[in-house]
Amino acid sequence: MNGYVLAFEQVDQGSLSLVGGKGANLGELTKAGFPVPAGFCVTTDAYLAFLAQSGEMAGYFEQLAVVKAHQLDRIAELGGCIRSHLLTLPIPEAVRSLILEGWRRAGEQESYAVRSSATAEDLPTASFAGQQDTYLNVRGEEALLQAIRECWASLFTDRAIAYRAKNGFDHRSVLLAVVVQTMVIPDVSGILFTADPVTGHRNTVSIDASFGLGEALVSGLVSADLYQVQEGRLVKKQVSRKQIAIHALPEGGTVTKRLPEEEQQRQALKDAQILQLAELGERIKRHYGTDQDVEWCYAQGRFYIVQSRPITSLYPVPEGAAAGGGLRLFLSFGHQQMMTDAMKPMGLSLLRTMLPFDKPSAREVSRVTAAAGGRMYVDITDVFGMKPARRLLPKLMKGIDEQMGIGVEDFLQREAVRRGIPRRPGLPRHALRFVGPILLRAVNNLLFARVEDARPAVTSRMLASLEQAHKRLSGQTGAARITAIQEQAGSLLRRMFPGLMPYPLAGILSSRLIRALAERWLGEGEGEVIHVLNKSLHGNVTSEMGLRIGDLADLARPYPDVIELLQDGEPMRFRERLRLVEGGDAFGEAWDRFLEEYGMRCPGEIDVTRPRWREDSATLLPAVVSHLRAVEQGEHRAKFARGAEEAEAARRQLAARLRQQPFGWCKAKLMDRLVRVFRGLMALREHPKYLMMQHFGMIRQCLLEEGRQLAATGILPTRDDVFYLTLEELRKLSQGERLDGLRELIEARKRELERFRTLTPPRLMTSEGEIVTGRRKPGDAPEGALLGTPVSSGVVEGIARVVLRPEEAKLKPGEIMIAPFTDPGWTPLFSSAVGLVMEVGGLMTHGAVVAREYGLPAVVGLDEATRLIRDGDRIRLDGTRGYVLVLERSGP
């Protein structure tokens with residue numbers, strides 16, 4: 001056999017470009033000694049020789065290059081034309097003769113499975129499963145040649161074209177080989193996953209099995225048996241009713257038959273066979289070093305492997321997850337911070353350095369953190385060794401994200417977890433030493449300290465922190481500057497928590513007491529007054545930022561040329577062009593003042609690698625435009641003033657009602673104190689994040705300057721490539737140490753980031769890769785409603801506007817914003833919406849707090865909201881009961 005036809009024994013994983021993913025894997029398995037039915041590959045060289053006969057394919061490829069994944073009609077039309085054309089082409093004689101030579105060598109009397117094998121198929125990062133065609137029980141010379149031609153044409157099926165367009169693959173660069181494999185006529189066949197494909201549990205082998213050929217299972221025509229094996233033990237056996245089976249016909253082809261009644265509920269594999277197959281799957285996993293999706297069949301008393309590919313859907317296990325010993329539980333930091341996008345290595349490195357727990361020194365990363373899929377996860381397992389934490393942590397988590405809290409509760413209720421809870425000596429003492437002073441100061445702020453002194457005290461501490469950071473970072477260069485960044489980041493939260501957190505914490509405690517005492521003294525449901533008292537908190541830096549956006553919009557209204565520049569979407573030239581239009585000077589001065597105070601912010605701001613507003617206002621300009629479109633002149637300030645008036649009226653009414661009760665004077669005085677603390681100190685809730693972003697702004701400028709210098713000397717390809725390093729790698733590079741293969745490392749991390757961006761991060765996962773999900777109990781909601789967590793009361797109906805990125809926002813009056821998450825960088829859009837739905841979040845996360853201040857009904861924690869709710873749908877949002885109901889779909 002030559003370059004057109006290769007036997008399985010002649011190929012392996014290194015042969016991808018010649019025989020495609022399927023062929024390379026079958027050759028690899030054959031060479032490794034696994035039981036693979038014999039066969040050969042018709043290579044991509046043969047496919048190219050076939051294609052070279054066409055004078056029309058060049059034009060077709062040009063048309064494919066511009067087609068989009070959503071253009072289904074165009075894809076169907078173009079794909080049909082290409083397939084019809086290819087089926088008219090003959091197979092080149094040199095290719096044809098070698099195919100038939102391989103067929104005769106394998107056995108003319110045998111039947112064959114003929115499968116497509118694309119070069120972008122069965123890869124570690126993309127499976128392309130089912131995108132091209134397969135032909136079973138092919139017998140005879142002409143049938144074989146026709147099946148091969150059909151496989152070549154199947155590279156241009158509608159689904160294959162759409163898949164490549166969606167995933168950014170060049171249609172010319174994806175080539176097709178064909179696998180010709182001796183057909184095994186199985187008694188039983190199915191699929192084996194070396195990790196649970198549903199939960200991600202890496203130590204669970206999951207097996208689907210049904211009678212006859214596996215096509216019935218793959219095509220969804222039959223419900224297969226499900227078996228699961230853990231560490232050599234059969235832990236789950238779910239025998240299904242298998243009504244049909246697909247069998248091979250003696251003359252070629254297949255037939256679908258209904259099974260006899262007595263056969264339908266018979267277990268497809270015996271217990272001993274299940275364990276034998278699971279061990280075979282584990283051997284394949286060990287060979288590849290990664291979890292596998294394995295197609296298998298059982299015939300004549302033995303198992304055969306007909307395919308194995310990487311499982312591409314598994315979320316990566318946190319790095320070093322097993323280092324702590326035993327089963328560990330990791331929570332997503334991004335869900336807590338309302339930013340679940342994948343980050344570059346520098347962003348993760350800074351956050352892991354910043355977390356103040358379990359660190360040998362300030363400048364090292366926290367050992368309770370781990371990177372997984374471009375996100376930061378925190379190992380909370382050791383905290384469970386403290387009994388109060390097992391009771392309180394799930395409740396605290398529910399305030400951040402209800403499903404996360406329920407998931408922690410469910411995890412702690414597992415018998416195996418309760419038996420193996422770690423006890424870390426000294427941890428309670430360290431926790432008390434850290435938390436104790438914060439709680440004591442919070443209680444003092446709650447009961448005794450002057451509320452009026454809080455804001456000046458917080459402002460003073462913030463200024464001192466920034467001055468100290470400026471002194472530490474200014475004048476430094478090279479490795480000394482990076483060391484200073486590490487030390488600054490490593491000490492930031494350790495200083496911020498005791499210095500600032502006692503103020504908003506006192507506000508949170510006061511809100512709990514207001515709700516509880518109102519319910520106790522005035523009756524059930526009276527605690528809901530807290531939602532009114534929460535409106536229009538004076539001094540909240542994030543709410544004030546939103547108001548200032550409205551001021552900018554109002555300032556632009558009289559000047560059409562300024563509005564045109566805002567809508568033009570050229571952020572890099574916006575400030576420069578303002579000087580050339582009427583009203584531009586006045587607007588520009590206000591714009592500069594805004595950026596002076598808030599220019600270090602941006603959407604996804606916890607990722608230091610993201611451009612800040614002062615560098616790139618692309619995500620800020622649409623917020624001003626949306627405000628112009630959706631809000632009338634001065635409406636935002638008037639609405640804020642009304643909210644403050646409503647809160648004051650609620651305070652007075654609450655005090656008046658309490659005075660009428662026994663000991664009313666005392667009750668009213670205590671409640672008045674709590675309300676003043678709540679409104680005064682909850683307004684400071686966003687100040688710690690605001691300070692953190694000011695630090696991030698300084699750190700980012702230092703990193704960019706270091707990147708510029710390294711790029712100027714040719715060490716880095718570009719300035720911004722500095723963000724594909726960690727802080728420690730950058731420190732070593734800056735002091736002259738060489739990093740072998742630096743450019744290749746950066747390119748590999750760029751590709752890895754693109755893959756991570758396609759993954760959905762779990763809220764909780766274990767060190768075994770299991771995704772822990774909290775099951776929300778159905779609430780009082782109409783049939784068909786989408787359930788989430790109610791975080792801001794009220795009911796509103798309107799048009800849904802799905803906003804995946806703030807820079808793409810085009811909110812109109814009366815529209816409800818549907819977003820994956822929101823952090824302070826999204827706040828400018830809140831004043832343009834009448835309601836808010838988010839995929840992540842809880843009662844105390846940023847979006848929920850701001851929604852309550854703005855008086856917007858809001859539901860959060862609604863998984864896949866941006867997919868389940870279409871742009872333009874008419875919906876009812878119930879922020880009191882926690883659901884969204886689609887009233888009318890926007891299209892087919």
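How many disulfides does a search of the whole structure find? The search comes back with 0. Keep in mind, as you go through these close-ups, that this is a predicted model.

**View 1. Two cysteines that stay apart.** A disulfide is a covalent bond between the sulfur atoms of two cysteines. Take cysteine 602: its closest cysteine sulfur belongs to cysteine 702 and sits 17 Å off, so the two are too far apart for a bond. The cut-off for calling a disulfide is 2.5 Å between the sulfurs. Cysteine 702 is likewise in no disulfide, with the sulfur of cysteine 602 as its nearest, 17 Å away. Buried or exposed? Cysteine 602 is buried, at 2% relative accessible area. Cysteine 702 counts as buried too, at 11%.

**View 2. The partners of strand 16.** Strands of a sheet pair through backbone hydrogen bonds, either parallel or antiparallel. Here, strand 14 (residues 329-332) runs antiparallel to strand 16, with 3 bridges between them; serine 332 has tyrosine 377 as its bridge partner. Strand 15 (residues 369-372) also pairs with strand 16 in the antiparallel sense, this time over 4 bridges, and threonine 369 stands opposite valine 378. What do strand 15 and strand 16 form together? They make a hairpin with 2 residues between them. In that turn, glycine 373 has a positive phi of about 60°.

View 3. The strands line up in the order 1-2-5-3-4, with antiparallel pairing. Strand 1 (5-7) and strand 4 (134-138) are the edges, each pairing on one side only. From one strand to the next, the twist averages 20°. Zoom in on strand 3 (residues 112-118) and strand 5 (residues 176-182), and you'll find an antiparallel pair joined over 7 bridges.

View 4. Which residues make the nonpolar surface patch of about 300 Å²? They are Val443, Leu447 and Phe448. Leucine 447 lies in helix 16, which spans residues 427-447. At 41% relative accessible area, leucine 447 is partly exposed.

Note on methods
Residues are numbered from 1 along each chain as its sequence is written. This is a predicted model: local features need pLDDT of at least 70, side-chain atom pairs count only at pLDDT 80 or more; totals for chains, interfaces and linings use all residues. Side-chain values use heavy atoms; hydrogens and water are left out. Buried means under 20% relative accessible area, exposed over 50%, partly exposed in between (1.4 Å probe, protein chains only). Two strands pair if DSSP finds at least two bridges between them. Patches are made of residues with over 30% relative accessible area and no salt bridge: like charges are joined within 9 Å, nonpolar side chains (Val, Leu, Ile, Met, Phe, Trp, Tyr) within 5 Å. Accessible areas come from the Shrake-Rupley method with a 1.4 Å probe; for residues, only the protein chains shown count as cover. A salt bridge is a side-chain nitrogen of Lys or Arg within 4 Å of a carboxyl oxygen of Asp or Glu. Axes are lines fitted to C-alpha atoms, for helices over the stretch in contact, and angles run from 0 to 180 degrees between N-to-C directions.
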